[in-house]
Amino acid sequence: MQIGLLGKTNVGKSTFFSAATQTTAQIGNYPFTTIEPNVGIAYVKTDCACKHFAMTHNHPLCINGTRYIAVKLIDVAGLVPGAHEGKGLGNKFLDDARTSEVLIHVIDASGSTDIQGQSVPVGTHDPMEDVKFVEEEFDQWMKQILQREWQKLARELESKSGKVIQAIAQRFSGLGIDEYDVESVVHTLNLQSKKPHDWNEDDLSTFIKTLRKRTKPIIIAANKSDLCHDLGILDEFKKIHPAVACSAETELLLRKAAKNGIIDYLPGAKSFKIKDGLNLNPPQQKALELAEKVMSKLDGTGVQRVLDYACFDLLQMITVFPVEDETKLCNKNGEVLPDAKLLRVGATARDLAKSIHQDLAKGFLFAIDAKTKQRVGAEHQLKNGDVLKIVSTLSRG
């Protein structure tokens, strides 16, 4: 799963990225492949299936029954006005955002950064401008894709009795948008009653905006919320997108302190504990005291909450645990609940097999639900927390 992290310069986007991908010592030993510099590994958290079975197991990503699941976090190139026209790193921004399934928009909620990313006194810039600015850039970019040779395309569709939904979906295939998405938006807006040639400027704009909201959902990370005199701005954000108050700087401080063995802290916790027997120097003491105040104000740092909301609320992902032995809940090496897969709501047993290996799905015979011990078929719809063994011609080898 890929999450895009976007925002203008100087709002704490890089700090959020560093904080989210700075794993604590407790979960940092888990191996993963080397990836591109602007892509990091972050973790979303959920209940581990071990809770259902009232068991404990030794897994680096299961901590006291909480399972951390790796996701890709893409640090989208900085955005400036006119990005859709190629200004700044506009093309790079839009390419990075294209590959993301959900977007986290980091905003300086304190209003201390103007539209160009320059520092200004707290409260002198309206953060709502940033929300609208990013949406407009994204919409303009998508609209350009659709408008290229639109009239020519419309004429061809009419003369050949072509399918407008199929044609539009082909235009947006590089953004992970399929015919089902396009068809849903067309019918929502009742555009199927119009010939493509009769779609006016408003039709195109409304179509694009609705399609973008459906296929590239956004959550606002209201960063620097600890600097706000009050958090009323969150109510304004929430009129447009889900929003979470956060302090990326505090999260980064805590994760580094945990990694260096100074504190006990897990991402998403509402507090931390200084390790017993440590004598902190004055700067360390002051920094942790400030962190406590921030966490008290924001009910944590908010960073983990943003990641979890993006995954489980916006994308509505579920977690499923594949095993090779449904009685011992392990793989062939004896590792208990070794993997956790993120799948969309409505995913089937065959979808789980496909997420493991294409050939496993091709040779799918049946699956065994480890909780009920019953056999289920390929089209069996999965539930959050399911533990399944896949049986296929490949696994029987």
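What is the relative accessible area of N190? The value is 44%, so N190 is partly exposed (buried is under 20%, exposed over 50%, partly exposed in between; 1.4 Å probe, protein chains only). The legends below describe a predicted model, in which local features need pLDDT of at least 70, side-chain atom pairs count only at pLDDT 80 or more, and totals for chains, interfaces and linings use all residues. Residues are numbered from 1 along each chain as its sequence is written, and side-chain values use heavy atoms, leaving out hydrogens and water.

**View 1. Overall composition of the protein chain.**
The secondary structure of the chain amounts to 14 helices and 14 strands (DSSP runs numbered from the N terminus: helices are H or I, at least four residues; strands are E, at least two). Of its 397 residues, 50% are buried. Among contacts in the chain with a separation of 6 or more, 66% are between residues 24 or more positions apart (contact: heavy atoms within 4.5 Å).

**View 2. Positive phi at N190 and N64.**
N190 is located in the loop between α6 and α7. Its phi is positive, about 60°, although N190 is not a glycine. N64 also has a positive phi, near 55°, and is likewise a residue other than glycine. The loop that holds N64 runs between β3 (62–63) and β4 (66–75). With a relative accessible area of 74%, N64 is exposed.

**View 3. The aromatic pair F138 and W141.**
The whole structure contains 2 aromatic pairs (rings of Phe, Tyr and Trp, the last by its six-membered ring, with centres within 6.5 Å; planes under 30 degrees apart are stacked, over 60 edge-to-face, the rest tilted). The ring centres of F138 and W141 are 5.8 Å apart and the planes lie at 75°, so this pair is edge-to-face. Both residues belong to helix α3 (residues 128–147), where a spacing of 3 residues puts them about one turn of the helix apart. F138 and W141 are both buried.

**View 4. The aromatic pair W199 and F207.**
W199 and F207 form a tilted aromatic pair, with 5.6 Å from centre to centre and 55° between the planes. W199 is buried at 5% relative accessibility. F207 is buried too, and its relative accessible area is 0%.

**View 5. Packing of α6 against α7.**
Helix α6 (residues 179–188) packs on helix α7 (residues 201–215) at an angle of about 130°, and the two axes are 10 Å apart (axes are lines fitted to C-alpha atoms, for helices over the stretch in contact; angles run from 0 to 180 degrees between N-to-C directions). On the α6 side the contact is made by Y180, D181, V182, S184, V185 and V186. On the α7 side it involves F207, T210, L211, R214 and T215. F207 is thus listed in this contact, and it is also a member of the aromatic pair with W199.

**View 6. Packing of α3 against α7.**
The axes of α3 and α7 lie 9 Å apart, at an angle of about 120°. From α3, the contributing residues are E135, F138, D139, M142, K143, L146 and Q147. From α7, they are E201, L204, S205, F207, I208, K209, L211 and R212.

**View 7. Surroundings of R212.**
R212 is part of helix α7. A relative accessibility of 0% makes R212 buried. Neighbours within four places in sequence aside, its contacts are E135, F138, D139, M142, P217, I218 and H241. One of these, F138, is the ring partner of W141.

**View 8. P322 in strand β10.**
P322 sits in strand β10 (residues 317–323) and is buried at 8% relative accessibility. Its C-alpha atom is 6.4 Å from that of D339, a residue 17 positions away along the chain. D339 is also in contact with P322, as are P338, K341, L352, I356 and L388, when neighbours within four places in sequence are left aside.

The loop containing G12 lies between β1 (2–6) and α1 (13–21). G12 has a relative accessible area of 16% and is therefore buried. Between the C-alpha atoms of G12 and S247 the distance is 8.8 Å, while the two residues are 235 apart along the chain. Not counting residues up to four places away in sequence, G12 touches V106, N223 and A248.
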